[in-house]
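Work through the exercises below with the sequence and the model side by side. Try each task before reading its solution.

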Amino acid sequence: HNIESGEFQWSAPSNIALVKYWGKKDNQIPANPSVSFTLNNCKTITTLAFAKKDSSTPLTITNGKFSFDLFFEGKPKEDFKPKIQKFLERIEIYLPFLKEYHFTIDTQNTFPHSSGIASSASGMAALAMNLMSIEKALNPEMTDAYFYQKASLLARLGSGSACRSVKGQVVVWGNQANIEGSSDLYGVEFPNAIHDNFKNFQDTILLVDKGEKQVSSTVGHDLMHNHPYAERRFAQAHENLDKLIAIFESGNLEEFIKVVESEALTLHAMMMTSMPYFILMKPNTLQIINAIWKFRNDTNIPVCFTLDAGANVHVLYPENVSKKVLQFIKDELVGFCQNGQYICDHIGNGALSN
Ligand code: PMV
């Protein structure tokens, strides 16, 4: 197949890890397995137009560079280009057509750009899906299973956690002996049945600090090399994933809360005990955590928090207590959010093509 030009559009959601990925080996191989809920509302929508480059253009002119223009919310975005260039370099061995085309990448998020919500997972997943659509157009015989697996593998090479934003509501990334099909190379949909308690699970994201992070997750992952607690932490992630396998089956929310909150605090404990050490939580992050603990104690409502590599708090709770939890958030937590901002989300299904 020889295709002159075309255009695809995919949206891909963000995801929130329950067992955290923190620490990696070469080629974006995770130091431990992780599992996440796929989100629904927080997503990146990316259009990818492609056109064959003029065959008279000598290849040397490209000087190892890929040929692409990048637009973010309709405006040229020069400062993201090196990241995309690096991503394309990494995946060129998997997509031999990349140097044959000129690309126009047009991308936008459904959440505010400076919200402190990591857009790398949704952004890299959306781009990977589009690139796989070209690959599929060139190789129409490929199966759906192969399409999604390879899309997740490509997304991983853009940003590790992006491989969990491709397909499925609960996604595991990283080798775990007792999870069928799990792999360090791509995310897989959690293979077992999941208890109804987790059906349409809610995630309300409290925007505590929208500023640029002082320490990027790339630097954070790196600091897990020579970290005094790394080996124990990596083993613990396997143990916590084991616990979650049982919890997803039993629907035991008390146990769920213990694992999820402990994972969040351990992630930040790793940051605080690396050299150099750093703290990404803000005073209001702790205020929110304490208020959630008090509310849970007072009401017995199974609501908990998790954190990613930043100050924002993800409030997790089953659908049947939404009304009470949302009231609590409005009454007691919104005051700790920057400009009172929060985003209501829930479990979603993964990337979609338009
Ligand atoms: O995908 P990265 O390199 O941005 O790392 C993400 C790390 C955490 O969000 C903190 C944890 C996770 O598993 O998503």
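**Exercise 1. Find which residues come nearest to the ligand, then sort its shell by class.**

Start with the shell: 15 residues lie around the ligand, where near means a C-beta atom, placed from the backbone, within 6 Å. Ala17, Tyr21, Gly160, Ser161 and Ala309 come nearest. Now sort by class: the shell has 6 nonpolar, 7 polar and 2 charged residues. Here Ala, Val, Leu, Ile, Met, Phe, Trp, Tyr, Cys and Pro count as nonpolar, Asp, Glu, Lys and Arg as charged, and the others, Gly among them, as polar.

Two notes on the model. Residues are numbered from 1 along each chain as its sequence is written. The model is predicted: local features need pLDDT of at least 70, side-chain atom pairs count only at pLDDT 80 or more, and totals for chains, interfaces and linings use all residues.

**Exercise 2. Find the residues that touch the most other members of the largest nonpolar core.**

The core holds 92 residues. It is a set of buried Ala, Val, Leu, Ile, Met, Phe, Trp, Tyr and Cys residues joined through C-beta atoms within 7 Å. Ala125, Ala128, Leu206 and Val315 touch the most other members. Helix H2 (residues 120–138) gives the largest share, 10 residues. Helices (H or I, at least four residues) and strands (E, at least two) are DSSP runs, numbered from the N terminus. Take Ala128: leaving out residues up to four places away in sequence, Ala128 touches Ala151, Leu154, Ala155 and Gly158. Contact means C-beta atoms within 7 Å.

**Exercise 3. Trace the strand order of the open sheet of 4 strands.**

The order is S11-S12-S10-S13, with antiparallel pairing. Strands pair if DSSP finds at least two bridges between them. The edges are S11 (304–307) and S13 (342–346), each pairing on one side only. S11 and S12 (residues 313–317) are joined by 4 bridges. Cys304 has Leu316 in S12 as its bridge partner. Helix H6 (residues 253–272) packs on the sheet and touches S11 and S12.

Key: Buried ≥ 20, exposed ≤ 12 C-beta atoms within 10 Å, placed from the backbone. Contact = placed C-beta atoms within 7 Å. Axes fitted to C-alpha atoms, helices over the stretch in contact; angles between N-to-C directions.
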